[in-house]
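Good morning, colleagues. Please keep the display in view as I speak.

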Amino acid sequence: MSAGMPHTPSEEQLRELRGKLIPVSELLALFGTRVRNDQSVLFITQTLKDVGLSTIPYFAHCSLRADVQVVPEESVAPPEPDGGEDEEAEQDALSRGTLPQHSFRIGDLPAARNGVDSVPSTAQVKTATHLMLVKNYSQVPVIDGISTLRGVVTWSSVARMYEKNEDTALANAMVEDPPTADVHGDFFSLLPMISEYGYLLVRDMSGRITGIVTAADVTERFEATAWPFFVIGEIEFRLRKCLGAALEPDAIRAVQRKNKQTGQITDLMFNGYVKLLDGHQENPALRQKADQNWQALGWSLADRVQFVRQLDRVREIRNMIAHFDPEPLSQKLCQELRQFLGLLRLYT
């Protein structure tokens with residue numbers, strides 16, 4: 001069973017849950033996971049919602065051993081339709097979650113735990129260089145037994161051996177004191193070492209080498225981490241641009257808290273954007289205003305229900321990535337962001 005991104009049970013499996021009392025741990029197991037992080041909770045909640053189901057109590061708020069009842073979504077009491085408390089709660093949650101709640105460890109990078117190809121100290125130089133050529137490696141560790149690190153063969157160290165006309169023994173073709181770190185080492189404090197050497201060998205608590213983190217791994221990981229932030233930023237910019245141009249300040253004040261009714265679109269968060277346009281929200285006064293707001297936008301070709309549903313999903317994803325989860329967004333969630341941004345670009 002994985003602790004990573006869950007998988008989707010069949011629709012038949014999900015519908016069979018209706019009315020049943022099930023431990024939270026079993027519900028998670030059905031989705032192929034044993035942990036409740038931001039991504040898994042969002043994924044399971046939405047998957048249940050897609051087949052009209054929810055849980056009482058909410059599975060994310062009780063212990064793993066607690067029982068929850070799987071019920072029709074419409075039977076779950078909606079939150080109080082106050083004009084601004086939801087947005088205040090969202091703001092508070094993001095304020096707490098914008099920064100990591102624990103240090104980012106070198107072991108959080110997949111490359112640090114994916115294993116490592118190595119050669120023993122008795123190997124020939126050509127054995128190491130052949131492995132590097134075949135696997136497109138820039139370095140290969142020299143390891144005896146399970147955890148005795150002798151050094152690392154790099155293209156630079158091989159070149160130095162030939163420049164000095166030394167014997168082509170493996171000992172002459174390797175770096176004897178390569179950079180290493182514990183799997184629980186703080187990532188950011190190790191960045192200068194990765195930058196200097198281009199790689200870092202990672203050990204577990206037993207001393208075994210569990211992986212190699214290279215500069216390319218760091219770049220790839222943070223590209224995956226940073227991309228959603230930039231996309232969310234562009235989505236919000238375009239939302240504010242079109243909503244701010246089409247709506248009067250009074251329309252914006254209607255979804256703001258009473259003590260913060262500035263009428264400025266820049267003072268809203270995603271929950272406020274949803275309230276501006278959602279024709280099915282609980283508050284009847286806001287529903288009526290939302291109808292007027294949608295007409296003011298003049299997007300005659302857009303499906304309003306689908307647009308608001310996608311906007312609300314972006315809100316959920318935005319709240320999730322603000323917690324800087326070590327796991328990057330799944331391809332499915334990234335695709336949802338791309339699709340919604342593409343839609344906004346058509347209208348702005």
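Angles under 35 degrees count as roughly parallel, over 145 as roughly antiparallel, 65 to 115 as roughly perpendicular and the rest as oblique. This is a predicted model, in which local features need pLDDT of at least 70 and side-chain atom pairs count only at pLDDT 80 or more, while totals for chains, interfaces and linings use all residues. Residues are numbered from 1 along each chain as its sequence is written, and side-chain values use heavy atoms, with hydrogens and water left out.

Helix α8, residues 215-246, packs against helix α12, residues 304-321, at about 135 degrees, and their axes are 11 Å apart. The two helices, α8 and α12, are therefore oblique to each other. On the α8 side, the contact (heavy atoms within 4.5 Å) is made by Pro 228, Phe 229, Ile 232, Ile 235 and Leu 239. From α12 come Phe 307, Leu 311, Val 314, Arg 318 and Ile 321.

Let us turn to the core. A nonpolar core is a set of buried Ala, Val, Leu, Ile, Met, Phe, Trp, Tyr and Cys residues joined through side-chain atoms within 4.5 Å, buried meaning under 20% relative accessible area with a 1.4 Å probe, protein chains only. The largest such core has 37 residues, of which Ile 235, Leu 243, Leu 277, Phe 307 and Leu 311 touch the most other members. Helix α12 gives the largest share of this core, 7 residues. Beyond four places in sequence, Ile 235 touches Phe 270, Val 314, Leu 337, Phe 340, Leu 341 and Leu 344. Another core, of 17 residues, lies apart from it and includes Ile 22, Val 24, Leu 48 and Val 51.

Definitions and conventions. Axes are lines fitted to C-alpha atoms, for helices over the stretch in contact, and angles run from 0 to 180 degrees between N-to-C directions. Helices (H or I, at least four residues) and strands (E, at least two) are DSSP runs, numbered from the N terminus. Buried means under 20% relative accessible area, exposed over 50%, partly exposed in between (1.4 Å probe, protein chains only).
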